[in-house]
Amino acid sequence: MTPDVSVVAGLRSMDADTAILESAMVEIEHLSLWYGTKQALRDISMSVPKHRVTAYIGPSGCGKSTLLRCLNRMNDLVDGVRVEGRIRIGGTDVHDASVDVTELRKRVGMVFQKSNPFPKSIFENVAFGPRILGVRNREDLAGIVERSLRAAALWDEVQDRLADSALGLSGGQQQRLCIARAVAVEPDVLLMDEPCSALDPIATAKIEELMLELKASYTIVIVTHNMQQAARVSDYTGFLLLGELVEFGVTRELFTNPKNRKTEDYITGRFG
Amino acid sequence: MKALWRSGEPFVWLTGGALGIALIMVVGLVGLVLVNALGFFWPSEVVRVTLSDGSALTGQVAERESVPGRPGQYRVKLQVGNRDLVGADFVWADESRITTRERPRDVVAVERTEWGVLIGTIRELREDGRVVASGPAVWEAARPRLAEAAHVRAEIRRVETGEIGTINRLQERIRLAMRRLELRGTTGGAEIDALRAQATALQARYAQQEARLTELRRRQTASLVVVAEGGKEKEQPLSQIVRVSFPNRMGLLAKSGYYAARVWEFVAASPRESNTEGGVFPAIFGTVMMVMIMSVMVTPLGVLAAFYLREYARQGAFVSVVRIAVNNLAGVPSIVFGVFGVGFFIYFVGGTIDRVFFAEALPTPTFGTGGILWASLTLALLTIPVVIVATEEGLAAIPGGAREAALALGATKLETTLRVVLPAVMPSILTGLILAMARAAGEVAPLMITGVVKLAPSLPLDGVWPFVHLERKFMHLGFHIFDVGFQSPNVDAARPMVFTTTLLLLGLVVLMNAFAIVLRNRLRRRYASAAV
């Protein structure tokens with residue numbers, strides 16, 4: 001069901017010579033979003049390439065988290081939200097009436113800014129998603145849990161205490177547990193909303209390393225405050241300002257040779 | 001001065017002082033109860049005092065106080081017993097008028113099922129009016145007979161309340177079945193004949209038990225002759241003797257044994273003498289059962305209501321008003337809940353149940369009168385704000401991230417609520433339940449009009465089908481305290497019972513709370529202590 005649509009990544013603001021042909025996982029067309037009467041996103045169009053890390057950067061309140069949360073429709077939970085435009089993930093319109101939002105969220109996993117493990121054991125945290133999907137067999141669950149914890153580079157640290165409470169883990173471990181929990185349901189896309197903002201540099205490095213490993217299997221979209229982080233881990237970067245996508249392109253290109261004056265001002269630290 | 005204020009010391013004193021006052025009040029109250037309750041069962045010695053006018057009194061010293069209006073002078077309250085002989089259990093004697101005091105070794109205290117304690121000296125043992133033993137040999141001869149008499153008494157009681165009680169209930173059931181048929185217009189036929197046959201069979205069973213009772217009563221012939229102070233003789237049938245003791249002969253070990261026996265009687269036996277003596281077992285049973293029924297009712301209801309308020313309802317002015325109203329419900333006088341319970345549960349719900357299901361028993365109400373079910377429901381209503389508030393606070397304390405995480409994994413709202421929110425809020429629910437139980441166990445006013453009685457003939461749980469009798473009236477420790485303390489015909493004898501019952505109720509509440517707290521802490525430990 002995923003037509004191999006070849007598109008030019010970074011439709012706007014990219015020159016033909018830097019454009020790379022990639023297969024798009026997420027396509028956003030003319031997306032606008034209002035919280036009540038306040039417009040938070042303005043006519044955003046872009047596509048997120050498959051098996052790449054795409055970062056959104058921008059100052060606080062620019063709408064980067066809102067954009068991220070549109071992809072798995074977490075904004076539905078907020079009262080008074082109105083959306084216009086289209087988002088297609090793997091070719092399916094996420095706002096289509098036939099789309100079951102819980103099904104969508106199983107395909108689009110999410111890791112939050114603040115690590116939020118359930119007040120349950122480590123095992124039960126990871127097994128939660130598969131259980132929701134109807135996996136009952138204890139051995140199958142154990143297999144999924146081990147594979148997910150290995151994928152999140154946490155297995156070696158917790159394999160002896162799977163029955164312990166997840167709340168006893170350190171901050172970095174908790175965040176990796178959240179990543180393990182998200183990949184346990186094998187989503188197509190993994191959304192990460194400032195996943196390292198509450199972590200120390202060592203834990204941050206581990207998560208960044210992990211992202212580079214995970215992109216072989218998942219399409220990753222990350223929101224970050226930290227421009228160095230975006231530069232280190234992402235293949236593509238989008239710069240948002242006041243709800244508008246100012247510039248989108250290959251990360252190295254955007255940081256070294258920004259096309260837009262505002263982008264340049266932001267990445268050189270003139271505001272933000 | 002200013003420096004002192006800036007140092008913060010005065011505020012520390014203030015807070016410490018407030019806590020100190022609160023502690024002193026609580027410790028004082030509990031201490032008062034403890035001192036009065038724990039000493040009650042300890043056997044006090046019997047003294048014989050001679051007064052200046054030549055008269056003598058024999059009794060146990062119950063109290064000593066200064067004479068009102070005459071400082072420096074004291075008087076003692078003697079429990080002289082022998083209510084059937086002299087009229088009053090207790091006599092005050094001014095110490096200034098006491099000329100001699102002695103502790104006669106042979107004095108005996110006989111606790112009886114009726115008329116309170118008998119104090120005097122044993123003269124002889126009789127059987128069928130003939131003297132079997134006299135002098136020092138009496139006690140040896142009486143001991144086996146006393147055990148036998150207690151055994152027969154228990155057997156009689158078993159036959160009366162167990163066997164004959166069951167027959168009575170079955171007869172009532174047959175009467176109601178016939179009445180039901182009559183209401184339907186059936187006055188003859190096979191059904192009626194079958195019921196009549198059953199009734200005849202029951203009548204035969206009754207006659208059998210009646211004969212057994214007569215047999216048992218015929219065996220109660222022995223009696224003990226006791227000479228009371230002033231030379232009056234009392235022939236006391238052994239069948240009415242609960243316990244015989246020689247207070248002035250008892251050593252520490254004997255006293256401890258006596259104490260243990262009295263305490264056991266208190267918690268395990270039924271009350272005697274319009275509740276001023278004997279035990280409070282039916283009241284303990286009623287209290288515990290009522291609190292349990294209340295918990296079963298209030299927990300699901302309160303938790304569900306709190307879930308709707310916090311998880312589903314759109315937060316706005318209306319929900320705020322509802323929340324304030326729920327909180328204020330806790331301030332409504334409990335008697336108002338009682339009145340509501342009478343009006344709604346008993347008259348409306350119970351009356352309707354009676355008309356629909358128990359029409360044959362009318363005009364005698366079945367559910368249309370006070371009972372343990374209605375009392376429990378009334379208290380559930382009274383305590384529901386506590387459960388709602390505690391659960392809501394627990395729900396508010398769960399980080400929103402946990403819900404978001406579950407939803408982001410593709411869980412539905414229901415799955416999120418049941419699998420993530422409910423387990424996490426469990427300790428708070430138990431906290432609410434603990435508070436509700438403590439409140440309900442101590443509440444009296446609404447119970448007085450919804451089903452508590454001074455003396456319930458049978459427990460709400462017994463061996464007769466359907467085993468749990470929710471329509472029955474019951475006894476309650478809180479009401480027992482009120483009844484014994486203020487409604488008793490013999491205030492002096494009853495007062496210690498007030499303290500012992502209070503201590504017991506306190507202990508019971510502590511016990512039930514401890515159980516819930518252990519359960520809650522176990523749940524908390526499972527979800528670790530780290531900050532969320």
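This is a predicted model: local features need pLDDT of at least 70, side-chain atom pairs count only at pLDDT 80 or more; totals for chains, interfaces and linings use all residues.
Two strands pair if DSSP finds at least two bridges between them.

Select strand E1 (residues 46-51) and strand E2 (residues 56-66) of chain B, which run antiparallel and are joined by 5 bridges. Within this pair, Val49(B) has Leu57(B) of E2(B) as its bridge partner. Now widen the selection to the open sheet of 5 strands in chain B, whose order is E4-E3-E2-E1-E5 and whose pairing is antiparallel. Which strands stand at the edges? They are strand E4 (90-94) and strand E5 (98-102) of chain B; each has a single partner strand, so one side of each is left without a neighbour in the sheet. On average, and with direction ignored, neighbouring strands of this sheet are turned by 45 degrees against each other.

**Second stop: a hairpin in chain B**

Next, select strand E7 (residues 117-127) and strand E8 (residues 130-134) of chain B, an antiparallel pair joined by 4 bridges. Glu124(B) stands opposite Ser134(B) of E8(B). The hairpin of E7(B) and E8(B) has 2 residues between the strands, and in this hairpin Asp128(B) takes a positive phi near 50 degrees.

Turn to chain A and select the strands in the order E7-E8-E9-E4-E10-E11; they form an open sheet of 6 strands with mixed pairing. The edges are strand E7 (108-111) and strand E11 (244-250) of chain A, each with a single partner strand, so one side of each lacks a neighbour in the sheet. From one strand to the next, the twist averages 20 degrees. Inside the sheet, strand E8 (residues 189-193) of chain A pairs with strand E9 (residues 219-223) of chain A in the parallel sense over 5 bridges. Centre the view on Leu190(A), whose bridge partner in E9(A) is Ile220(A).

What does Leu190(A) touch, not counting residues up to four places away in sequence? Its contacts are Gly109(A), Val111(A), Ala182(A), Val183(A), Leu214(A), Tyr218(A) and Ile220(A). Leu190(A) also belongs to the largest nonpolar core, which has 149 residues; Leu71(A), Ala180(A), Val189(A) and Leu190(A) are those with the most contacts inside this core. To see which element gives the most to this core, select helix H10 (residues 372-397) of chain B, which supplies 16 residues. A second, separate core has 25 residues, including Val47(B), Val108(B), Val138(B) and Leu238(B).

Select helix H3 (residues 122-132) and helix H4 (residues 138-151) of chain A, which pack at an angle of about 110 degrees with their axes 9 Å apart. Angles of 65 to 115 degrees count as roughly perpendicular, so H3(A) is roughly perpendicular to H4(A). On the side of H3(A), the contact is made by Phe123(A), Val126(A), Ala127(A) and Pro130(A). H4(A) contributes Leu141(A), Ile144(A), Val145(A), Ser148(A) and Leu149(A). By class, this contact of H3(A) with H4(A) has 8 nonpolar residues, 1 polar residue and no charged residues.

**Last stop: where the chains meet**

Finally, display both chains: 19 residues of chain B are in contact with 22 residues of chain A. On the side of chain B that touches chain A, the elements that give two or more residues are helix H11 (400-408) and helix H12 (413-442) of chain B. H11(B) gives the most to that side, with 6 residues. The residues on this side of chain B divide into 13 nonpolar, 3 polar and 3 charged.

Technical notes. Residues are numbered from 1 along each chain as its sequence is written. Chains are lettered from A and ligands numbered from 1 in the order in which they are written. Axes are lines fitted to C-alpha atoms, for helices over the stretch in contact, and angles run from 0 to 180 degrees between N-to-C directions. A nonpolar core is a set of buried Ala, Val, Leu, Ile, Met, Phe, Trp, Tyr and Cys residues joined through C-beta atoms within 7 Å. A residue is buried if 20 or more other C-beta atoms lie within 10 Å of its own, exposed if 12 or fewer, and partly exposed in between; C-beta atoms are placed from the backbone. Two residues are in contact if their C-beta atoms, placed from the backbone, lie within 7 Å. Ala, Val, Leu, Ile, Met, Phe, Trp, Tyr, Cys and Pro count as nonpolar, Asp, Glu, Lys and Arg as charged, and the others, Gly among them, as polar. Angles under 35 degrees count as roughly parallel, over 145 as roughly antiparallel, 65 to 115 as roughly perpendicular and the rest as oblique.
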